[in-house]
Amino acid sequence: MKKRSLKKIINITLIVLVLLLTFYRVYLACKIPLYAQGGADLDDYLLVKYAIKMINFKWLGAFDSLTLVKGASFSLFLAIGYYLNIPYSIFLILCYIAAIIMLVFALKKYMSNKYLLSLLYIILLFSPVMFHIENTQKIYRGGLIVTFVVFVIASIINLYSNRNERIKKLVIWSIISSLCLSFFWFIKEDSIWIIPFVCGAILLSIIWLIINRKSVIRIKTRIFLTLLPIVFLVMTNVIYCSLNYFIYGEYTVTDRSGTYYKEVLNDLLRIKNKKIDEIWITKDTIYKAMKESPTFAKSKEQIDEMYENSWALVDGEIRGDIIFWTLRDAFDKAGVYKDGGKKANEYYKKIDKELDKAFANKKFEEEDAFYLSKNSKGITKEDLKYFKENVPKEFEILIDYSENEIGVYEANGPIEHIVVMDYVTNSKIIWPNTELNPEITAIRNEYERYVNQAKNIVKIYQWIGKRYMYISLIGLMYLLIKTIIGLFKKNYDNLSICLISLGLIVSTTIMFIGVSWFVSWFGWTKFKYMYNYSCGIIPLLQIIKFIGVYYICSLVYICFNKVKKVV
């Protein structure tokens with residue numbers, strides 16, 4: 001009786017502790033101010049502008065050069081929050097908490113220790129990535145990527161776990177995972193990195209259903225429900241593209257993924273030219289292309305101006321993917337977008353055909369490189385040394401959170417833009433030029449107090465970071481060995497969690513390599529941007545690390561019991 005009472009007290013204490021920590025985390029989210037970048041016309045403010053159009057039932061608004069450059073999920077999230085009358089800061093943290101609760105319950109089937117699972121919940125609840133300026137203070141999509149990648153992982157694990165449970169449960173998780181995956185897919189343009197985990201889990205579920213078909217009821221229905229997330233994603237993509245075609249004349253999600261603008265950029269990236277560090281497309285390449293493409297040459301005046309007066313010029317060249325944006329601006333000034341999306345796409349189609357003809361006629365030498373996407377610089381054999389030199393440091397910053405940043409920041413940009421951002425988010429924003437106001441100073445001091453609390457929490461993670469990773473690696477090796485030994489003995493108890501870990505590692509690796517290569521042109525700031533753009537894989541790394549630590553604890557427990565029996 002005493003043991004039972006003690007266990008009950010411990011359980012109640014754990015529940016109370018988790019609830020208090022959850023309330024505290026929500027309270028912190030409410031007290032930490034946003035950073036409204038009204039001057040970020042191509043990023044933060046652009047997505048807020050989309051949201052305003054959605055709120056007024058005008059989809060993405062009147063067509064211009066920036067209408068179809070980014071996915072719409074974040075703007076839709078802002079619009080939903082506006083209509084629910086929930087401040088953005090609260091809406092985001094509540095969704096994030098719902099995601100990690102779903103994840104904890106998804107893993108419960110494979111890791112039954114409720115105390116350690118509660119620890120996972122707390123670890124993710126106070127994760128530094130959700131105390132980072134890029135993800136939770138800027139009115140941008142980083143925090144939503146973190147939230148919905150957890151939703152996707154949790155819902156897909158639940159879908160896999162319920163492949164042979166009651167059909168009603170499978171239906172529920174099939175619908176939830178379909179909605180989560182589709183919403184996540186359209187937050188950012190590079191969401192394909194999550195597919196190895198998703199397709200791996202779906203494929204394994206279908207293989208299991210086929211192998212065990214004699215004992216499975218309604219196998220065809222179950223296979224369909226298991227495939228539904230992919231089917232729904234394809235359907236959503238078709239609907240999204242059709243909507244854009246109906247309104248703007250372009251059958252695409254963004255013009256960087258489904259129009260001839262993407263092909264033109266890829267043509268330019270493929271032209272071999274003199275290599276210049278941090279330059280994706282050289283000035284010489286642009287002028288070579290115009291020489292072979294009469295359609296491209298129609299914009300020569302605007303291209304000349306771009307190379308004379310652009311804000312992005314460095315020693316006469318334009319770095320990294322900024323060239324994509326400056327080219328777009330030059331084409332806009334040349335009137336390419338004035339007659340709608342259909343005409344713009346026809347213009348780019350002509351350029352693409354002319355450049356393809358030039359390649360076929362050997363007017364250009366093609367770069368011998370591997371392209372991660374049509375919108376990124378190719379990787380040559382010589383470039384492989386970049387990964388060797390930078391990957392260790394880049395991985396280190398993801399596990400020790402050294403580039404995590406949070407603070408109290410004044411809004412910037414045109415006042416009318418800040419007003420719109422304040423209107424849409426209904427959250428705390430510090431207006432510019434208010435530092436001398438005594439009342440505002442008092443408010444700032446209060447904000448600083450809560451920001452400092454967040455910084456202290458992040459410091460704990462930074463101190464534990466590497467140590468936690470090393471311990472988890474030992475645990476993951478133990479899990480792998482235990483699983484392999486179990487397979488020889490026809491014991492499959494650890495196979496699922498081992499496969500889940502492998503799926504997470506594969507998706508994380510793909511995203512890591514892509515981001516590593518993308519930030520290579522950022523120079524000395526690349527490590528900061530590596531952390532910023534890797535926000536989606538940080539919670540995955542935390543889950544992987546936790547699984548490793550869980551199995552280390554399991555090994556310690558087994559050893560302790562064996563010693564206890566001997567004694």
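Me: Is phenylalanine 324 buried or exposed?
Reply: Phenylalanine 324 is buried, with a relative accessible area of 3%. Buried means under 20% relative accessible area, exposed means over 50%, and partly exposed is in between, using a 1.4 Å probe and protein chains only. This is a predicted model, where local features need pLDDT of at least 70 and side-chain atom pairs count only at pLDDT 80 or more, while totals for chains, interfaces and linings use all residues. Residues are numbered from 1 along each chain as its sequence is written, and side-chain values use heavy atoms, with hydrogens and water left out.

Me: Ok, and which helix is phenylalanine 324 in?
Reply: Helix α15, which covers residues 322–333. Helices here are DSSP runs of H or I with at least four residues, strands are E runs of at least two, and both are numbered from the N terminus.

Me: What does phenylalanine 324 touch?
Reply: Skipping neighbours within four places in sequence, phenylalanine 324 has contacts with Tyr261, Leu265, Leu269, Trp280, Ile281 and Asn375. Contact means heavy atoms within 4.5 Å. Also, 14 Å separates the C-alpha atoms of phenylalanine 324 and threonine 259, and these two are 65 residues apart along the chain.

Me: New topic: aspartate 255. Where does aspartate 255 sit?
Reply: Aspartate 255 is in the loop between α10 (219–248) and α11 (260–270). It counts as buried because its relative accessible area is 4%.

Me: Which residues does aspartate 255 touch?
Reply: Not counting residues up to four places away in sequence, they are Leu68, Val69, Glu250, Tyr261, Lys262, Arg328 and Tyr337.

Me: Which residues touch the most other members of the largest nonpolar core?
Reply: Leu268, Phe296 and Leu327, out of 177 residues in that core. A nonpolar core is a set of buried Ala, Val, Leu, Ile, Met, Phe, Trp, Tyr and Cys residues joined through side-chain atoms within 4.5 Å. With neighbours within four places left out, the contacts of phenylalanine 296 include Leu268, Ile286, Leu327, Phe331 and Glu354.

Me: What is the volume of the largest cavity?
Reply: The largest cavity is about 190 Å³. It is lined by 18 residues, with Leu269, Ile279, Trp280, Glu367 and Lys377 closest to its centre.

Me: And how much space lies in the second largest cavity?
Reply: About 140 Å³. Its lining has 15 residues, and Arg25, Ala29, Ser89, Met130 and Thr136 are the closest to its centre. Helix α4 gives the most to this lining, with four residues.

Me: What about the volume of the second largest pocket?
Reply: That pocket is about 720 Å³. It has 30 lining residues, and Tyr110, Tyr492, Asp493, Asn494 and Leu495 lie nearest its centre. By class, the lining has 17 nonpolar, eight polar and five charged residues. Ala, Val, Leu, Ile, Met, Phe, Trp, Tyr, Cys and Pro count as nonpolar, Asp, Glu, Lys and Arg as charged, and the others, Gly among them, as polar.

Me: Which helix gives the most to the lining of the second largest pocket?
Reply: α22 does, with six residues. Among the helices that each supply at least two lining residues are α7 (142–161) and α9 (195–211).

Me: How many of α7's residues are buried?
Reply: 20 of its 20. From first C-alpha to last, α7 reaches 29 Å, close to the 28 Å expected at 1.5 Å a residue. The expected span is 1.5 Å times one less than the number of residues.

Me: Last one: what is phi for phenylalanine 57?
Reply: Near 55°, a positive value in a residue other than glycine. Most residues other than glycine have a negative phi. Phenylalanine 57 is in the loop between α2 (44–55) and α3 (73–84), and at 72% relative accessibility it counts as exposed. Tyrosine 401 also has a positive phi of about 55°, but at 3% relative accessibility tyrosine 401 counts as buried.

Definitions and conventions
1 Å grid on protein atoms, 1.4 Å probe; cavity = no way out; pocket = protein on both sides within 12 Å on 5 of 7 lines; lining within 4 Å. Points joined across faces, edges and corners; volume = space filled by probe spheres on them.
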